[in-house]
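Biologist: Hi, I'm new to this one. Could you show me the structure and walk me through it?
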Amino acid sequence: MAGHTPGHMSVLVASGGVTMLVTGDALANIHFAFDHPDWQMIWGHDRELGVKTRKSLLDRAALVTGYHYPSRASAMS
(Lines give C-alpha, C1' and ligand atoms only; values in the text may rest on other atoms or scores of the structure.)
Protein backbone atom coordinates (compact mmCIF):
# COMPACT_ATOMS: atom_id res chain seq x y z
CA MET A 1 0.00 0.00 0.00
CA ALA A 2 1.61 3.20 -1.14
CA GLY A 3 1.98 6.53 0.54
CA HIS A 4 4.60 6.57 3.27
CA THR A 5 7.57 4.59 1.97
CA PRO A 6 7.88 3.45 -1.67
CA GLY A 7 8.04 -0.33 -1.93
CA HIS A 8 6.56 -1.15 1.48
CA MET A 9 3.49 -3.34 1.53
CA SER A 10 0.81 -4.48 3.93
CA VAL A 11 -0.34 -8.08 4.26
CA LEU A 12 -3.78 -9.36 5.25
CA VAL A 13 -3.46 -12.70 7.07
CA ALA A 14 -6.44 -14.95 7.82
CA SER A 15 -6.59 -18.19 9.78
CA GLY A 16 -9.38 -19.94 11.67
CA GLY A 17 -11.84 -17.15 11.05
CA VAL A 18 -9.52 -14.43 12.41
CA THR A 19 -8.10 -11.75 10.12
CA MET A 20 -5.09 -9.59 10.98
CA LEU A 21 -3.52 -6.80 8.99
CA VAL A 22 0.27 -6.38 9.10
CA THR A 23 0.71 -2.78 8.02
CA GLY A 24 4.25 -2.14 6.84
CA ASP A 25 4.81 1.62 7.12
CA ALA A 26 1.26 2.69 6.27
CA LEU A 27 0.20 3.05 9.92
CA ALA A 28 3.58 4.00 11.29
CA ASN A 29 2.53 6.08 14.31
CA ILE A 30 0.17 4.18 16.60
CA HIS A 31 -0.40 7.29 18.71
CA PHE A 32 -2.55 8.98 16.06
CA ALA A 33 -2.86 6.83 12.92
CA PHE A 34 -5.98 4.99 14.13
CA ASP A 35 -7.86 7.98 15.50
CA HIS A 36 -6.71 10.46 12.85
CA PRO A 37 -5.82 8.61 9.60
CA ASP A 38 -6.29 11.91 7.74
CA TRP A 39 -3.32 13.50 9.51
CA GLN A 40 -0.34 13.65 7.19
CA MET A 41 3.15 12.62 8.26
CA ILE A 42 5.88 15.09 7.38
CA TRP A 43 8.19 12.27 6.25
CA GLY A 44 5.58 10.65 3.99
CA HIS A 45 6.64 10.13 0.37
CA ASP A 46 3.16 10.90 -1.02
CA ARG A 47 1.13 12.42 1.82
CA GLU A 48 -2.27 12.46 0.10
CA LEU A 49 -1.90 8.86 -1.01
CA GLY A 50 -0.79 7.97 2.52
CA VAL A 51 -4.09 9.32 3.90
CA LYS A 52 -6.09 7.30 1.36
CA THR A 53 -4.06 4.19 2.14
CA ARG A 54 -4.52 4.48 5.91
CA LYS A 55 -8.27 4.94 5.57
CA SER A 56 -8.51 1.97 3.20
CA LEU A 57 -6.49 -0.29 5.50
CA LEU A 58 -8.49 0.63 8.58
CA ASP A 59 -11.71 -0.18 6.72
CA ARG A 60 -10.47 -3.72 5.99
CA ALA A 61 -9.42 -5.26 9.27
CA ALA A 62 -10.31 -5.31 12.95
CA LEU A 63 -6.97 -6.61 14.26
CA VAL A 64 -3.89 -4.67 13.16
CA THR A 65 -0.18 -4.95 13.87
CA GLY A 66 2.85 -3.34 12.27
CA TYR A 67 6.57 -2.70 12.20
CA HIS A 68 6.64 0.46 14.33
CA TYR A 69 4.45 -0.87 17.14
CA PRO A 70 5.79 -1.73 20.59
CA SER A 71 6.82 -5.35 21.10
CA ARG A 72 3.83 -7.72 20.98
CA ALA A 73 1.42 -4.84 20.41
CA SER A 74 -1.63 -4.93 18.25
CA ALA A 75 -4.64 -2.69 18.00
CA MET A 76 -8.30 -3.03 17.27
CA SER A 77 -9.39 -0.57 14.59
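Predicted model: local features only at pLDDT ≥ 70, side-chain atom pairs only at ≥ 80, totals over all residues.

Biologist: Okay, and where is Trp-39 found?
Modeller: Trp-39 sits in the loop between strand 2 and helix 1, and that helix covers 47–60. Val-51 is 12 residues away from Trp-39 along the chain, and their C-alpha atoms are 7.0 Å apart.

Biologist: How many aromatic pairs does a search of the whole structure find?
Modeller: One aromatic pair turns up. It is made by Phe-32 and Trp-39, with ring centres 5.5 Å apart.

Biologist: Why is that pair tilted?
Modeller: The planes of the Phe-32 and Trp-39 rings are at 40 degrees, so the pair is tilted. Planes under 30 degrees apart would count as stacked and over 60 as edge-to-face, and the rest are tilted.

Biologist: Is Phe-32 buried or exposed?
Modeller: Phe-32 counts as buried, because its relative accessibility is 16% and the cut-off for buried is under 20%.

Biologist: Let's zoom out. How many strands and helices are there in the protein chain?
Modeller: The protein chain has one helix and four strands. Going from the N terminus, the order is β-β-α-β-β.

Biologist: How do strand 1 and strand 2 run, parallel or antiparallel?
Modeller: Those two are antiparallel, and five bridges join them. Val-11, for example, has Val-22 in strand 2 as its bridge partner. Ser-15 stands opposite Val-18, which is also in strand 2.

Biologist: What about the turn in that hairpin?
Modeller: The hairpin of strand 1 and strand 2 has two residues between the strands, and Gly-16 takes a positive phi near 60 degrees there.

Biologist: And how does strand 2 pair with strand 3?
Modeller: Strand 2 and strand 3 pair in the parallel sense, over three bridges. Strand 3 spans residues 63–65, and its Leu-63 is the bridge partner of Met-20.

Biologist: Back to Val-22. What is Val-22 in contact with?
Modeller: Setting aside neighbours within four places in sequence, Val-22 is in contact with Ser-10, Val-11, Val-13, Thr-65 and Tyr-67. Val-22 belongs to strand 2, residues 18–22. Leu-57 lies 35 residues away from Val-22 along the chain, with 9.8 Å between their C-alpha atoms.

Biologist: Ser-10 is in that list. Where is Ser-10 found?
Modeller: Ser-10 is in the segment before strand 1, which is 11–15. Ser-10 counts as buried because its relative accessibility is 18%. A polar atom of the Ser-10 side chain also lies 3.1 Å from the backbone oxygen of Thr-23.

Biologist: New topic: which residues are in the largest nonpolar core?
Modeller: The core has nine residues: Leu-21, Ala-26, Leu-27, Ala-33, Phe-34, Leu-57, Leu-58, Val-64 and Tyr-69.

Biologist: Pick one for me. What does Ala-26 touch?
Modeller: Not counting residues up to four places away in sequence, Ala-26 touches Ser-10, Met-41, Thr-53, Arg-54 and Leu-57.

Biologist: Last bit, the whole chain. How much of the protein chain counts as buried?
Modeller: Of its 77 residues, 36% count as buried. The protein chain exposes about 4900 Å², and carbon and sulfur atoms supply 55% of that. As for contacts between residues at least 6 apart in sequence, 50% join residues at least 24 apart.

Note on methods:
Residues numbered from 1 in each chain as written. Heavy atoms only, no water. Phe/Tyr/Trp six-rings, centres within 6.5 Å; stacked < 30°, edge-to-face > 60°. Buried < 20%, exposed > 50% of the residue type's maximum accessible area, 1.4 Å probe, protein only. Core = buried A, V, L, I, M, F, W, Y, C linked by side-chain atoms within 4.5 Å. Contact = heavy atoms within 4.5 Å. Areas by Shrake-Rupley, 256 points an atom, 1.4 Å probe, with all protein chains shown as cover. Polar contact = N/O pair within 3.5 Å; in protein donor to acceptor, adjacent residues only side chain to side chain. Pairing = 2+ DSSP bridges.
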